[in-house]
Amino acid sequence: MIREAFAVATKKGNAVVAVPLKESIRIVSENGSEALDRNQYRLVQTPQCFQLSLLRQAYQLPEESSFTDDASVVERLGEKIYLVPGAYENLKITTPEDLLWAESFLRLGN
């Protein structure tokens, strides 16, 4: 996964690892909620790889609330973001539950 991300970024300027959604997804508004087609969405993971000159240029932009990761900043430059397949085991450790999942994956791998 990392090698592929580096290879794509070398060719195209960037590469972001992502996986398809498994869960259903809904958009919420004042009028309730509406189901969305999950096949049109991806969960972004790391690594996010960029040619250094592109990332430096992107970080010269004024900060915006829509910047949630490096890819969103580079995208603001007008760059297309290239996705490469990730893995569900590639966890982002944010909550205590994430640590439990990570420990489980580590035990399975040994």
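**Close-up views of a predicted model**

**View 1. N31 sits in the loop that joins β2 to β3 (32-36).** The model shown here and in every other view is predicted. N31 counts as exposed, because its relative accessibility is 78%, and the cut-off for exposed is over 50%. Q45 lies 14 residues from N31 in sequence. In space, the C-alpha atoms of N31 and Q45 are 32 Å apart.

**View 2. The whole protein chain, for orientation, has four helices and five strands.** Read from the N terminus, the order of elements is α-β-β-β-β-α-α-β-α. The C-alpha atoms occupy a box of roughly 50 × 40 × 25 Å along the principal axes. The protein chain has 110 residues, and 26% of them count as buried. Among contacts with a separation of 6 or more, 56% join residues 24 or more positions apart.

**View 3. Three strands form an open sheet in the order β4-β1-β5.** The pairing in this sheet is mixed. Strands of a sheet pair through backbone hydrogen bonds, in either the parallel or the antiparallel sense. Here β1 (residues 14-20) runs antiparallel to β4, with six bridges between the two strands. On its other pairing, β1 is parallel to β5, over three bridges. Which strands stand at the edges of the sheet? They are β4 (42-50) and β5. Each has a single partner strand, so one side of each lacks a neighbour in the sheet. Direction ignored, neighbouring strands of the sheet are turned by 35° against each other on average.

**View 4. A18 faces a residue in β4 and a residue in β5.** In β4, the residue opposite A18 is V44. In β5, the residue opposite A18 is P85. How many of the seven residues of β1 are buried? Six are, and the strand is mostly covered.

**View 5. Helix α1 (residues 2-12) packs on the sheet.** The helix touches β1, β4 and β5. The direction of α1 makes about 135° with that of β1.

**View 6. L21 lies in the loop between β1 and β2 (25-29).** Is L21 buried or exposed? L21 is buried, because its relative accessible area is 14%, and buried means under 20%. Beyond its neighbours within four places in sequence, L21 contacts R38, Y41, R42 and L43. One of these residues, Y41, is 20 residues from L21 along the chain. The C-alpha atoms of L21 and Y41 are separated by 6.6 Å.

**View 7. E64 and R76 meet through their side chains in a salt bridge.** The structure holds one salt bridge. The distance from N to O is 2.8 Å. E64 belongs to the loop between α2 (52-58) and α3 (70-76). R76 belongs to helix α3. How accessible are the two partners? E64 counts as partly exposed, at 29% relative accessibility. R76 is partly exposed too, with a relative accessible area of 48%. Both values fall in the partly exposed class, because that class lies between the cut-offs of 20% and 50%.

**View 8. L91, I93, L99 and W101 make a nonpolar surface patch.** The area of the patch is about 390 Å². Where is I93 placed? I93 is in the loop between β5 (83-85) and α4 (96-109). With a relative accessible area of 46%, I93 is partly exposed.

Definitions and conventions:
Residues are numbered from 1 along each chain as its sequence is written. This is a predicted model: local features need pLDDT of at least 70, side-chain atom pairs count only at pLDDT 80 or more; totals for chains, interfaces and linings use all residues. Side-chain values use heavy atoms; hydrogens and water are left out. Patches are made of residues with over 30% relative accessible area and no salt bridge: like charges are joined within 9 Å, nonpolar side chains (Val, Leu, Ile, Met, Phe, Trp, Tyr) within 5 Å. Accessible areas come from the Shrake-Rupley method with a 1.4 Å probe; for residues, only the protein chains shown count as cover. A salt bridge is a side-chain nitrogen of Lys or Arg within 4 Å of a carboxyl oxygen of Asp or Glu. Buried means under 20% relative accessible area, exposed over 50%, partly exposed in between (1.4 Å probe, protein chains only). Two strands pair if DSSP finds at least two bridges between them. Axes are lines fitted to C-alpha atoms, for helices over the stretch in contact, and angles run from 0 to 180 degrees between N-to-C directions. Contact means heavy atoms within 4.5 Å.
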